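This briefing is meant for someone meeting the structure for the first time. Please look through the sequence and the model before reading the points that follow.

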Amino acid sequence: MLYFLEILHSALDEIRSNKMRSGLTMLGVIIGVASVVLMVAIGRGAQKTVTDRIQSMGTNLLIIQPGRPVQTDVRAFFRRFGGGGGGGGSSTSTLTSDDVLALNKQVSGLRALSPEHRRSMQLIVGNQNMQTSVVGVTPSYPPVNNFDVQFGSFITEKHLKGMEKIVVLGQEVVRALFGTQNPIGKDVRIENGIFTVVGIMEEKGQQGFSNLDDIAFIPLTTMLQRVQGTDRLTAINVSVERPEHTEQVKVLITAVLLNEHRIRDTIDQDFNVLNQAEAVETLNEVTKTFTLLLGGIAAISLIVGGIGVMNIMLVSVTERTREIGIRKAIGARKRDILQQFLVESTVLSVLGGMIGILLSFGGVLLINYFAGFQAIIAIGSILLALTFSVGVGILFGILPAYKAAKLNPIDALRYE
Amino acid sequence: MITLHAITKTYLLGSQELHVLKGISLTIHSGEFVAIMGPSGSGKSTLMNIIGLLDTPTTGTYALEGKSVSGLSEKDQAHVRSRRIGFVFQAFNLLQRMNALHQVMQPLLYQGANRQEAQKRAEDSLTAVGLADRMHHLPNELSGGQRQRVAIARALVTHPALMLADEPTGALDSHTGGEIMALLDQLNARGVTIVIVTHEQHIAEHAKRTIHILDGLIHTQ
Ligand SMILES: Nc1ncnc2c1ncn2[C@@H]1O[C@H](COP(=O)(O)OP(=O)(O)OP(=O)(O)O)[C@@H](O)[C@H]1O
Ligand SMILES: [Mg+2]
């Protein structure tokens, strides 16, 4: 034990007395470890964000949108959750309240229907104003979309019947227009109309690509008749009674709407029905590719870091070979030499690995703070990066030592 | 103390054999002070390295203190180097970036001494060569003569029975060289066997016996 402490002591001496070489060696390990841990954390975070997002949308969701069926569900998915931007134009929309009635009557297996009309509008309070996504909805919006009020109340049947000018605000909108004041009971100007705030939505936060809190809800009837003067909807969200029937319900809905719209040929179909499960799958594929890409970049930096370590160690071989010759001349055994170099490169590599991990933790904190995005550190990636970098560091640290220790002392001393 | 019999050393350079030592037989007694002289390239350093167990002869037998060292394992050779032999080189061969004190402690640490004891003995050794005030200097912060004195302190800290010095004054001016030789004289007076390689007659005069080597063979002794 005392002997080991002795070796450790002289290894630390050696590391300290050769700052340049030690620093460069550690740098290689640091870069390798930090990049892998960070990249994997970002990839993992992206995946988690998508999954959370999906869950926050509500389960068993079908989304009916006007327009021809798009090629991939993903595009529509992004369009629907495109944050502050407006929905599809009402002038081209083919979905109406009649469609909602027809679906309610003719399709079984539905839990609830949530029709909506979405538009990007200007909201003004005093001298504060902001552009946000204003959505006309019915009281079934919260259960279908898994998004409810935190304070006050959501839009009720009474609001709907009376076409009342009330509004429920997302938290981001509250922050922008009211700061820390309580907005309930206060007035907001939306498109020339004065709306009274009756509720505040729960905080959903920044989720990946858009901010779900940047939104305002008003009664659908008010939106259609008093604000927009139309009967067109920008989407109908449907929650299905049983998840395993989602695909059948989708077929039923398509049939009913084709009939309602008097369309014979599906080529002329003027709406499309998105199955959330499918969208999720496609999106998962996307994030998987993304993670793979990040992993690839990280693997490259790991290898570059490893090559850096290798270079430094090999470049210092001349100097070290002579050193080994001297040490042998003053009584070192082969074992002493190997031990010394092993401890030295282990200390260097492990130290570098630790710094790399700390650095990646710092990076994750920064990302989480500034990108509003939850990067998640994976233990597996830490172990992998650490094993590889430390392995390379140790291997190339003792390889020259091993070769030199095998030489005649005099050959090591003469080495140029 | 040292008995060499028919030692040869041959290097293979490609297909060419280079006979550096061609059959050296030599006895050096305990407590002797021997100088080896000879023209450059005659094989003096090669012989010294073989005596110091840094190199192995191609053929021939070598007994140190009555025991054959020819067939010793690498580990046992290291043990003999560590316990019995001190080496001083023309080029000093100090460890870079290691201060004088640590430099001199190193051989003791390889013997398994603990740090306190090693430090104390290293301090004594450095004081003995007149470097009490330079213990924490790095090699590149010392003059040539001071470096060689560190090397000597490092060689004698283990109390070796045999001190080998290959042109210890070769890189020093004659005054500094004289100081180094005075140190070696002192050591010899204390009973340490000393073998020294030199090109200079006045250095060789410190020895009680001079061996002349010519072209890999002993010319006169
Ligand atoms: N590793 C080696 N490979 C081949 N030849 C060698 C090797 N080492 C030494 N020699 C040769 O052996 C011969 C003797 O070398 P050595 O170093 O013993 O000479 P020396 O007598 O010490 O000379 P100097 O007085 O210049 O130091 C030289 O001709 C040298 O070229
Ligand atoms: Mg020589």
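How many helices and how many strands does chain A have? Chain A has 14 helices and 14 strands, where helices (H or I, at least four residues) and strands (E, at least two) are DSSP runs, numbered from the N terminus. This is a predicted model, in which local features need pLDDT of at least 70 and side-chain atom pairs count only at pLDDT 80 or more, while totals for chains, interfaces and linings use all residues. Residues are numbered from 1 along each chain as its sequence is written, chains are lettered from A and ligands numbered from 1 in the order in which they are written, and side-chain values use heavy atoms, with hydrogens and water left out.

**Chain A as a whole**

- Of the 416 residues in chain A, 52% count as buried, a term that stands for under 20% relative accessible area, with exposed meaning over 50% and partly exposed in between (1.4 Å probe, protein chains only).
- Chain A exposes about 19300 Å², and carbon and sulfur atoms supply 61% of that area; accessible areas come from the Shrake-Rupley method with a 1.4 Å probe, and for residues only the protein chains shown count as cover.
- Among the contacts in chain A with a separation of 6 or more, 80% are between residues 24 or more positions apart, a contact being heavy atoms within 4.5 Å.

**Ligand 1 and its surroundings**

- Ligand 1 lies between chains A and B, and 14 residues surround it, the closest being B:Ser40, B:Gly41, B:Lys44, B:Ser45 and B:Thr46; a residue is near a molecule if one of its heavy atoms lies within 4 Å of it.
- By class, the shell around ligand 1 holds four nonpolar, seven polar and three charged residues, where Ala, Val, Leu, Ile, Met, Phe, Trp, Tyr, Cys and Pro count as nonpolar, Asp, Glu, Lys and Arg as charged, and the others, Gly among them, as polar.
- Strand E1 (2–13), strand E2 (16–28) and helix H1 (44–51) of chain B each supply at least two residues of this shell, and the largest share, three residues, comes from H1(B).
- Polar contacts (pairs of N or O atoms within 3.5 Å; within protein, one must be able to donate a hydrogen and the other to accept it, and residues adjacent in sequence count only if both atoms are side-chain atoms) include one between a polar side-chain atom of B:Tyr11 and a nitrogen atom of ligand 1, at 3.4 Å.
- Oxygen atoms of ligand 1 also take part, with one lying 2.9 Å from a polar backbone atom of B:Gly41 and one lying 3.0 Å from a backbone N or O atom of B:Gly43.
- Taken alone, ligand 1 exposes 640 Å², of which the protein buries 68%.

**Helix H1 of chain B**

- H1(B) is mostly covered, since seven of its eight residues are buried, namely B:Lys44, B:Thr46, B:Leu47, B:Met48, B:Asn49, B:Ile50 and B:Ile51.
- Just after H1(B), B:Leu53 takes a positive phi of about 60°.

**Salt bridges**

- A search of the whole structure finds 20 salt bridges over all chains, each being a side-chain nitrogen of Lys or Arg within 4 Å of a carboxyl oxygen of Asp or Glu.
- The side chains of B:Arg115 and A:Asp13 meet in one of them, at 3.7 Å from N to O; B:Arg115 lies in helix H4 (residues 115–128) of chain B and A:Asp13 in helix H1 (residues 2–17) of chain A, so the pair joins two chains.
- In that pair, B:Arg115 is buried, with a relative accessible area of 15%, whereas A:Asp13 is partly exposed at 24%.
- B:Glu65 forms a salt bridge with B:Arg84, with the closest N and O atoms 2.7 Å apart, and this pair links distant parts of the chain, 19 residues apart, from the loop between strand E4 (59–64) and strand E5 (67–68) to helix H2 (residues 74–84) of chain B.
- A network of salt bridges links A:Arg320, A:Glu323, A:Arg327 and A:Glu344.

**B:Gln111**

- B:Gln111 lies in helix H3 (residues 100–111) of chain B and counts as buried at 18% relative accessibility.
- The side chain of B:Gln111 reaches the backbone oxygen of B:Ser82 at 2.9 Å, and, leaving aside neighbours within four places in sequence, B:Gln111 is in contact with B:Ser82, B:Arg83 and B:Thr158.
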